[in-house]
Amino acid sequence: MRRLGLPGLRLASALLLLGLWWAAAAMAQDRALPGPLAVLAALRAELAAGALLPALAATLARVAAAFLLAMALGSALGYAMGRNGITDAALDPWVLLLLNIPALVIILLAYIWCGQTEAAAIGAVTLAKLPNVVVVVREGARALDPALDEVATAYRLTPWMRLREVVLPQLGPFLAAAARSGLAILWKIVLVVELLGRPSGVGFEMNMRFQLFDVPGLLAYSLAFAAVMLAIEGFVMQPAERRARAWRGAAA
Amino acid sequence: MPPLELSIRRKLYRRAGAPPVEAVRDLALSFPAGSVTALFGPSGCGKTTALRILMGLDPDFEGEVRHRPARLGVVFQEPRLLPWRSLGDNLRIVARAAGLPAPPVEALLARVGLEGWAGRYPRELSLGMARRAALARALAVEPELLVLDEPFVSLDEATAAQLRALVAAVLAERRVTAVLVTHALEDAAALADRIALLTPRPARLRRLVAVPRGDLAGLRAALAG
């Protein structure tokens, strides 16, 4: 095991999962459990038919829009609530309520009240994600160092400089935590939104495959999108978080 | 410009479920241009409270501060450098906030004995070095008022002596109006030419003594007399 190293161990674990899947499919010989090769063939067929990439793009666009909206609104609200007791007391019941309403209910109500529109879909996902961002950023705002706040006041930093130089570096780890946990949940909610009421996207395609009992197609779409999200996590979110924390390791 | 004036009729600290604590009462001081005033008194008497009011960090008091200068250089008890910024950036940021052009970072750091440290981060510094860096930051704004809040506390004697000598030299060079908070008579004598002797809490002005800087014996005699 030691000779493998951690990356080797991860690879071995992934290969074991693949092997188990292959063996289970081979033993079951059932349409409900296709093997990896059948899913790969379905993936290639969807790609060749020109259906996969537009679906991925549509879902990714919804994820991006809802993510940016939830992060922007949630950060602003969380900061205001963490810094101001009156704002916190006024908005806390709303946040608690949203935290405890299932995302599915928010989606259904959004479609009932606003119709099955793009705005309703993105709004519902944003609203489902919003309280989580608020709660995390509020904790960050509560943990801001008042001593550094006094430095900003004594040296008369402008509001923009105060935000950039004093507040955001301290909120950085909280924003990163909210972003990473948020993205992981958010894309799954987007699939449900698409499944229930959008005419495009990975969720819509998965619903179609479900209706046709096309399990290889269903798995092909879900695995393709999971791969995209893993790539975003690995190549965008983690490096951004490392950059935000770089100063902590700056000591010689 | 008329001198900075501090007038605190009363400063209360209010706590839920407990009677308010009166930290300062009837404290009035003016700070002539170029003077170095030490607020001297026992620990916990309200010196730092008065200083925070003077700096504009605590607006919740009865009284007023008149003619507070625009450019304030502060050395807090804890160095309070921005830990995610290099020392050079710490100096540049406050200078930019003061509307000044890029400060001579290397020269300022060299002046406090930190030559070549502009690219290093605060966590790489000892407490004594961080205090010197905080002094360099205070000088980067070309302060009209320099505020020093117990700058030698928690330092070993040798480091405190070095820093005391450095602050004395800087004050002599710059001829800047300065206010120092200390509970050590040696520090007050070494740096200040006016000593505001405060009572135990609530802080009130017991006496204002003017003595030549560095005259510890004279200060002792003046306070005893």
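Chain B has 225 residues, and its radius of gyration, taken over C-alpha atoms, is 18 Å; a compact globule of that length would come out near 17 Å, so the two agree. The globule rule behind that is 2.2 Å times the number of residues to the power 0.38. Keep in mind that this is a predicted model, where local features need pLDDT of at least 70, side-chain atom pairs count only at pLDDT 80 or more, and totals for chains, interfaces and linings use all residues. Residues are numbered from 1 along each chain as its sequence is written, while chains are lettered from A and ligands numbered from 1 in the order in which they are written.

Staying with chain B, its C-alpha trace spans about 45 × 45 × 35 Å along the principal axes. You'll find seven helices and nine strands there; helices (H or I, at least four residues) and strands (E, at least two) are DSSP runs, numbered from the N terminus. Contacts here are pairs whose C-beta atoms, placed from the backbone, lie within 7 Å. Among those in chain B between residues at least 6 apart in sequence, 68% join residues at least 24 apart.

Now over to chain A, which has 10 helices and zero strands. Its C-alpha atoms fill a box of roughly 70 × 60 × 30 Å along the principal axes, and buried residues make up 33% of its 252 residues. Of the contacts in chain A with a separation of 6 or more, 72% are between residues 24 or more positions apart. Lys129(A) is 88 residues from Ala41(A) in sequence, and their C-alpha atoms are 35 Å apart.

On the α3(A) side the contact includes Leu52(A) and Leu56(A), and on the α10(A) side Tyr221(A) and Phe225(A). The residues of this contact divide into eight nonpolar, one polar and no charged; Ala, Val, Leu, Ile, Met, Phe, Trp, Tyr, Cys and Pro count as nonpolar, Asp, Glu, Lys and Arg as charged, and the others, Gly among them, as polar.

Helix α9 (residues 202-211) of chain A comes within 8 Å of α10(A), axis to axis, crossing at roughly 160°, so α9(A) is roughly antiparallel to α10(A). Among the residues that meet are Met206(A) and Phe210(A) from α9(A), with Leu218(A) and Tyr221(A) from α10(A). This contact has six nonpolar, two polar and two charged residues.

Finally, the two chains touch: 18 residues of chain A are in contact with 18 of chain B. On the chain A side, α7 (146-154) and α8 (159-197) are the elements giving two or more residues, and α7(A) gives the most, with six.

Conventions. Buried ≥ 20, exposed ≤ 12 C-beta atoms within 10 Å, placed from the backbone. Axes fitted to C-alpha atoms, helices over the stretch in contact; angles between N-to-C directions. Parallel < 35°, antiparallel > 145°, perpendicular 65-115°, else oblique.
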